[in-house]
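This report describes a cavity and several salt bridges. Please look through the sequence and the structure before reading on.

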Amino acid sequence: MKKMKKIHFFKFDMYELGPDNKGNSVQKFIDISRKNAYLKEILKDKLNTNRSIKILKERQNPTSDSAIMEIINETADYVFGKLGKEHDINQFQIRKNDTLESRDISKEADELFESFSYFLIDKATFSVSYIKESTAPGINYLATLITNEFMNTAKVRGLIECLVDEEAIKSLSGKNVIGTISYDVTLPPEYTKSLLGLSESEYGLLQNQKGIKVGVTLRAEKRKTSVFSDSKDAESFFTKMLKNKLDVSVKAKDTEDEIMQDFRLVDNPFTKKVNFEYDINSFTNVKSLQTSIENQLWIKMQQNKGEILKYIGFEETSNE
């Protein structure tokens, strides 16, 4: 049985916060050698005996969402592993193809029922390839791991950025009609009162606010008209939105299309990705399957290295 998976590419960054010449706090990204030093420290000192570590989404909250990182292999060139997260086993079962008879899945009291996927980190560029699965954790947990482990001691934070397929942006920008653009922004707590129309007493009831998320929708003035005057304006706008790390949804179509189509600026179809096909029946065990996936992740990364370096920038890779 042949399976088709998508390998998505990301940029794995680390940064410190420091003042610019105006005294504003800005991100100061660290070089490849320091990135490798922090990665080496995690692999050497932070993993348990099973080469695994639990990553809390909120490092000071043990009950927050979490993922498990497991390292399968490390070479001079890359790190290959899994990211997994727990699921409720009661929502899953096994069913026979022919009779449709079902049976429950069991586990021990000290076990987790987990879904996972595979990642590979290129040590030379800190680009990441990841087979995204709907039930597996997001690749952002790698960035969260860096923040959790080094924020207090070294003031270093992690960051994952999508490697965007430039052709996809050009394709969207060239649509004849771009009608609606939507995205979310998070405002600090001090804006909550005026934005929501709360009184002083009502505002006082809110405690421990992290911020307020607001949905922004930009629409064309008239139906069947575009919010942009030409494709260059659209391409410039979408590129800037990506640099601001906003997950933008867009409704657009060509003249010959009957209905508007939905596009996402982050994730399908805009994240740079390639196909990975394999025959599940050709593998004798899990280890042989994992070895094949490891090889494919590395090969696909090398085949797309030109575009990866173009996105990351040669200046950063020269710090190696």
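## The largest cavity

The largest cavity holds about 40 Å³ of space. A cavity is a set of points, on a 1 Å grid over the protein atoms alone, where a 1.4 Å probe fits but cannot get out. Grid points are joined across faces, edges and corners, and the volume is the space filled by probe spheres set on the points. Across the whole structure, the search finds 1 cavity of 30 Å³ or more.

The lining, meaning residues with an atom within 4 Å of a point, consists of Phe12, Leu39, Met69, Ile121, Leu142, Leu145 and Ile146. Helix H2 (residues 141-154) gives the largest share of this lining, 3 residues. Helices (H or I, at least four residues) and strands (E, at least two) are DSSP runs, numbered from the N terminus. By class, the lining has 7 nonpolar residues, no polar and no charged ones. Here Ala, Val, Leu, Ile, Met, Phe, Trp, Tyr, Cys and Pro count as nonpolar, Asp, Glu, Lys and Arg as charged, and the others, Gly among them, as polar.

## Basis of the model

This is a predicted model, in which local features need pLDDT of at least 70 and side-chain atom pairs count only at pLDDT 80 or more, while totals for chains, interfaces and linings use all residues. Residues are numbered from 1 along each chain as its sequence is written, and side-chain values use heavy atoms, with hydrogens and water left out.

## Salt bridges

There are 8 salt bridges in the structure, each a side-chain nitrogen of Lys or Arg within 4 Å of a carboxyl oxygen of Asp or Glu. One of them joins Arg34 and Glu16, at 3.0 Å from N to O. Arg34 is in helix H1 (residues 32-46) and Glu16 in strand E1 (residues 2-19), so this pair ties together parts 18 residues apart in sequence. Arg34, at 30% relative accessibility, is partly exposed, and so is Glu16 at 24%. Buried means under 20% relative accessible area, exposed over 50%, and partly exposed in between (1.4 Å probe, protein chains only).

A network of salt bridges links Lys11, Asp13 and Lys35.

## Links between distant parts

In the salt bridge between Lys123 and Glu74, the closest N and O atoms are 2.9 Å apart. Lys123 sits in the loop between strand E8 (114-122) and strand E9 (127-131), and Glu74 in strand E4 (residues 66-74), 49 residues apart. Lys123 is buried at 15%, whereas Glu74 is partly exposed at 37%.

Methods. On a 1 Å grid over the protein atoms alone, a cavity is a set of points where a 1.4 Å probe fits but cannot get out, and a pocket is an open set with protein on both sides within 12 Å along at least five of seven lines; lining residues have an atom within 4 Å of a point.
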